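Let's read a structure together, one feature at a time. Have the sequence and the 3D view ready.

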Amino acid sequence: MAQLDLSEKLAILADAAKYDASCSSSGGARRDSRKGKGIGSTTGAGICHAYTPDGRCISLLKVLLTNSCVFNCQYCINRAGSNVRRARFTVRELVDLTIDFYKRNYIEGLFLSSGIIRDPNYTMEQLIDVARSLRQDHHFHGYIHLKTIPDADPDLVTRAGLHADRVSINVELPTDPGLRDLAPEKSRDRIEGAMGRMRGAIEDGKDARRRFRSAPAFAPAGQSTQMIIGADAATDRDIVSRAATLYDRYGLRRVYYSAFSPIPDAGSALPAGRPPLLREHRLYQSDWMMRFYEFSPDDLAAALDPLSGMLPLDMDPKLAWALRRRDCFPVDINRAPRTLLLRVPGLGPRAVQSILAARRWHTLRLEDVARITVSLTKIRPFIVTADWRPTLLTDRADLAALVRPRATQLDLFSR
Amino acid sequence: MTPRLVTLDREDDFEGWRNAARSLAASAVPAHQVVWQVGDQRTDLFAGAPVDLATTRPIMVPGDFVRIARCALLHSEPQRFALLYDLFLKVLDRPSLVRDRTDGLVHKVGALSQAVLRDIHKMQGFVRFREVQEEGVCRCVAWFEPDHHILRASAAFFVNRFAAMTWSILTPKGSLHWDGGRLLEGPPARRQDGPDADTVEAVWKTYYAATFNPARLGTRAMMREMPGRYWRNLPETSVIRDLVSGSAPKSGR
Ligand code: SF4
């Protein structure tokens with residue numbers, strides 16, 4: 001193989017990493033480089049440094065250490081049997097590149113993952129060495145996200161957390177048959193075993209910090225995972241319930257979804273087409289409903305189509321839920337508790353907070369609600385205010401047509 | 001009552017505004033009787049008596065108000081000092097008002113403060129340093145055009161992050177220079193005062209192009225988060241046109 005220069009390697013290894021949905025740099029501990037040498041800070045909030053024409057934010061330098069891999073996961077462009085050009089960074093190259101980008105304020109830090117070279121332990125050691133060198137040789141205080149390989153030695157996997165802000169272990173496919181058929185070298189037990197140990201290590205780390213201020217931080221931004229959507233037969237119902245279990249069992253910060261992209265020379269076990277990108281978006285919306293709108297996975301079931309087990313594509317799941325549960329509406333803006341206000345389509349947590357604060361002092365009218373929401377038309381059929389009551393509107397068969405959004409260009413984001 | 005004239009030192013002079021607001025409120029001067037100006041530019045030729053700051057005494061207002069006012073005051077809207085004083089008087093009367101976003105004035109001031117926070121956030125993301133050699137030492141220099149008077153408020157972020165470097169941020173409203181230990185403020189700058197290239201930018205553009213997924217073209221979200229007015233100071237935006245046109249045939253296939 002001809003020698004590749006740094007730019008060529010970067011082009012290959014960034015291209016190969018772009019199917020990872022996460023680029024988040026949030027949730028870390030706050031730190032800065034005021035004392036002593038080195039560079040970098042984390043504010044806890046995450047900063048987007050650029051946006052690409054796919055609408056996604058660039059926060060981290062997201063690359064693979066190498067796209068060579070001894071595994072043969074069917075859905076993956078980097079699998080052993082694939083025909084792509086291979087490249088590999090040295091630890092030094094990757095460290096220098098991160099620092100060069102960071103110094104110019106292009107990025108918040110590094111998101112590093114890798115194909116498996118030689119064996120899982122060797123690969124994991126290389127990944128950890130990049131993070132270690134950044135932290136120890138360069139006193140880098142920016143954000144580091146390390147993808148860890150579940151099949152590596154448990155203490156290598158947990159060592160990742162000593163240098164990284166966030167660690168992730170991908171569950172890859174939402175169902176067991178999916179994993180068996182498409183990623184035969186991986187195992188759900190080993191993946192979830194590693195997530196369980198990681199949770200333990202993160203909690204021990206927090207505990208130690210509470211008792212000894214000087215204890216080292218351990219993955220302060222927690223762990224996350226990713227599932228590929230549309231490569232196996234999983235329905236949205238399967239995915240939502242798997243995600244709920246994962247949040248619950250492993251204390252995850254985030255579950256990311258990545259819509260399957262068809263790849264050249266794919267095996268016959270894979271679908272020929274991609275799932276609609278909207279499906280990924282709807283799944284994220286259902287995720288927000290559970291994380292910010294206090295819907296339980298059981299509540300969420302009403303938003304799914306009972307036969308197909310899928311979320312509707314033509315409206316967001318919160319609206320779909322409201323249309324199926326008309327018995328819960330209209331909601332009285334001046335009297336309803338927080339949880340019910342949060343169920344009104346078009347009312348977000350911030351608007352609900354404002355309603356609760358305002359109504360302590362006066363009764364709210366429609367114009368008051370208009371000031372704190374984006375679209376009054378959208379929410380009017382679902383609410384009651386001092387001067388408004390939607391007469392019978394919620395019983396109309398054509399309500400869906402009245403409130404359904406008109407088709408617009410889809411904007412995607414996955415932060 | 002003759003109108004009062006308040007002269008603030010700078011566009012972002014929160015302390016000055018607060019001192020004036022306190023003494024005006026202590027003498028029960030209504031909002032429409034105050035003319036606010038910055039420096040010597042007279043905003044109203046007929047404005048009268050300067051404010052006597054000696055009448056200042058501590059006045060308690062909710063922390064929420066101070067937080068919002070600190071931000072909103074950095075907005076480029078000329079009426080902001082007057083709006084804030086108006087709200088200040090109303091909040092003295094009813095402290096809880098500041099949390100009522102259904103109130104027209106609170107809503108307006110809240111929107112100013114949101115716009116300023118967004119501008120600060122964009123500055124943290126979109127400043128691009130270019131390296132120059134200065135008598136054998138490296139200095140990173142950026143040219144940035146904020147919408148509001150946020151330069152000084154943004155200094156701490158850059159100092160905390162790039163403490164061991166030496167850098168300058170140049171803007172049309174003023175400049176900041178950090179020498180690794182001290183922060184100096186300088187006069188407004190022009191674009192041509194900064195360097196016009198950096199060797200790493202080519203590598204950065206390579207990354208930007210490679211991380212873009214043409215199968216997911218969605219320029220609307222990009223434009224919303226990275227509006228056109230920022231583009232001329234972001235080197236990577238020079239490849240967007242090629243990325244978008246290159247991706248068009250693929251998505252049609
Ligand atoms: S182990 Fe990872 S890189 Fe290797 S084939 Fe599977 S998904 Fe791709």
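Q: How many residue pairs are in polar contact between chain A and chain B?
A: A polar contact is a pair of N or O atoms within 3.5 Å; within protein, one must be able to donate a hydrogen and the other to accept it, and residues adjacent in sequence count only if both atoms are side-chain atoms. Between chain A and chain B there are 29 such residue pairs, with both residues at pLDDT 80 or more. This is a predicted model, where local features need pLDDT of at least 70 and side-chain atom pairs count only at pLDDT 80 or more, while totals for chains, interfaces and linings use all residues. Residues are numbered from 1 along each chain as its sequence is written, chains are lettered from A and ligands numbered from 1 in the order in which they are written, and side-chain values use heavy atoms, with hydrogens and water left out.

Q: Which elements of chain A give two or more residues to the side that touches chain B?
A: Elements are DSSP runs, numbered from the N terminus: helices (H or I, at least four residues) and strands (E, at least two). In chain A they are α1 (6-15), β1 (50-51), β3, α2 (91-103), α8, α12 (349-358) and α13 (366-372).

Q: How many salt bridges cross the interface of chain A and chain B?
A: Look for a side-chain nitrogen of Lys or Arg within 4 Å of a carboxyl oxygen of Asp or Glu. That rule finds five across this interface. Lys103(A) and Glu131(B) form a salt bridge through their side chains, at 2.9 Å from N to O.

Q: What area is buried between chain A and chain B?
A: Buried area is the accessible area (1.4 Å probe) that two parts lose on being put together, summed over both. Here it is about 5,300 Å², with carbon and sulfur atoms giving 55%. On the chain A side, Tyr51(A), Pro53(A) and Arg104(A) lose the most area to chain B, together 15% of what that side buries. Counting contacts (heavy atoms within 4.5 Å), 62 residues of chain A meet 59 residues of chain B.

Q: What is the strand order in the open sheet of six strands in chain A?
A: Two strands pair if DSSP finds at least two bridges between them. The order is β3-β4-β5-β6-β7-β8 in chain A, with parallel pairing. At the edges are β3 (60-64) and β8 (254-259) of chain A, each with a single partner strand, so one side of each has no neighbour in the sheet. From one strand to the next, the twist averages 20°; axes are lines fitted to C-alpha atoms, for helices over the stretch in contact, and angles run from 0 to 180 degrees between N-to-C directions.

Q: Which helix packs on this sheet, touching β7 and β8 of chain A?
A: Helix α7 (residues 236-250) of chain A does, and its direction makes about 165° with that of β7(A). Helix α8 (residues 277-292) of chain A lies across β7 and β8 of chain A, at about 170° to β8(A).

Q: Where is there a cis peptide bond?
A: One joins Phe329(A) and Pro330(A), with omega about -5°. Pro330(A) sits in the loop between α10 (317-324) and β9 (331-332) of chain A.

Q: What is the phi of Arg118(A)?
A: Arg118(A) has a positive phi of about 55°, although it is not a glycine. Arg118(A) belongs to the loop between β4 (109-113) and α3 (120-137) of chain A.
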